[in-house]
Amino acid sequence: MPKRSSADKNRHLDQYARRISKVLAYISKHLDDELSVETLAKIANFSPYHFHRQFSAYTGITVSRLIQLHRLRRASLQLVFNPHASITDIAFDTGFANAESFSRAFRKECGQSPSAFRKAPQWQQWQVRTTYDNPEVLLPMQVDIVDFPETLVAALE
């Protein structure tokens, strides 16, 4: 089996990084939409299973967690800079079914309740707790693509 050169491996990793970056950009622009793994996998041109594994490996978190973090970040901005919006309205805008589940998720990620954050936001703590896009995490994988002779496979649907 021929081994891939270092340049081929780097090209392959760059291609995966571009695919994941394309998905990250899509998520940021479509936070109000239904963001299923199937939809995001199509954008990355991966199968849903492969996409989920690659996404988690590149970002260090799952797709659903990343989407929730993005939505909670947006909610934190609304809490502070839109003081007339109710916490319930912000919860619905963030995609939560009710204010209680939003408050639990917000407190878990932020360390403060939404109302406490609105009054005295701890931005630095919030930033540290919700940072996922560490450049060292984005390319941790060693991917080897191996060519092998044609093999017959059986599948049962």
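The entries below go from the overall fold to single residues.

**Ground rules**

I am working with a predicted model, where local features need pLDDT of at least 70, side-chain atom pairs count only at pLDDT 80 or more, and totals for chains, interfaces and linings use all residues. Residues are numbered from 1 along each chain as its sequence is written, and side-chain values use heavy atoms, with hydrogens and water left out.

**Overall fold**

I began with secondary structure, taking helices (H or I, at least four residues) and strands (E, at least two) as DSSP runs numbered from the N terminus. The protein has nine helices and zero strands, so the pattern along the sequence reads α-α-α-α-α-α-α-α-α.

Next I looked up burial, where buried means under 20% relative accessible area, exposed over 50%, and partly exposed in between (1.4 Å probe, protein chains only). Of the 157 residues, 32% come out as buried.

For the surface I used Shrake-Rupley areas with a 1.4 Å probe; for residues, only the protein chains shown count as cover. The accessible surface of the protein is about 10100 Å², and carbon and sulfur atoms hold 53% of that.

Then contacts, meaning heavy atoms within 4.5 Å. Taking those between residues at least 6 apart in sequence, I found that 59% join residues at least 24 apart.

**The largest pocket**

My pocket search ran on a 1 Å grid over the protein atoms alone: a pocket is an open set of points where a 1.4 Å probe fits, with protein on both sides within 12 Å along at least five of seven lines, and lining residues have an atom within 4 Å of a point. Grid points are joined across faces, edges and corners, and the volume is the space filled by probe spheres set on the points.

The largest pocket has a volume of about 230 Å³. It is lined by 14 residues, and D33, E34, L35, I67 and R71 are the closest to its centre. Which helix gives the most to the lining? Helix α4 (residues 63-81) does, with five residues.

I also sorted the lining by type, with Ala, Val, Leu, Ile, Met, Phe, Trp, Tyr, Cys and Pro as nonpolar, Asp, Glu, Lys and Arg as charged, and the others, Gly among them, as polar. The lining divides into five nonpolar, five polar and four charged residues.

**Aromatic pairs**

Rings of Phe, Tyr and Trp (its six-membered ring) pair if their centres lie within 6.5 Å; planes under 30 degrees apart are stacked, over 60 edge-to-face, and the rest tilted. I have eight such pairs in the structure.

One of them is Y16 with Y58: the ring centres are 6.3 Å apart and the planes at 40°, so I wrote it down as tilted. This pair links distant parts of the chain, with Y16 in helix α1 (residues 6-29) and Y58 in helix α3 (residues 48-59), 42 residues apart. Y16 is buried at 9% relative accessibility, and Y58 is buried at 1%.

F102 and F106 also make a tilted pair, because their centres are 5.7 Å apart and their planes at 45°. They sit four residues apart in helix α6 (residues 99-110), which means about one helical turn between them. Both have a relative accessible area of 0%, so F102 and F106 are buried.

L72 is in helix α4 and is buried at 0% relative accessible area. Beyond its neighbours within four places in sequence, L72 is in contact with T94, F96, F102, A105, F106, E109 and W126.

Leaving aside neighbours within four places, A75 is in contact with I90, T94 and F102. From A75 to A91, 16 residues along the chain, the C-alpha separation is 7.6 Å.

**Two loop residues**

S86 lies in the loop between α4 and α5 (87-93) and is partly exposed at 30%.

N45 is in the loop between α2 (37-44) and α3 and is exposed at 59%. Most residues other than glycine have a negative phi. N45 is not a glycine, yet its phi is positive, about 65°.
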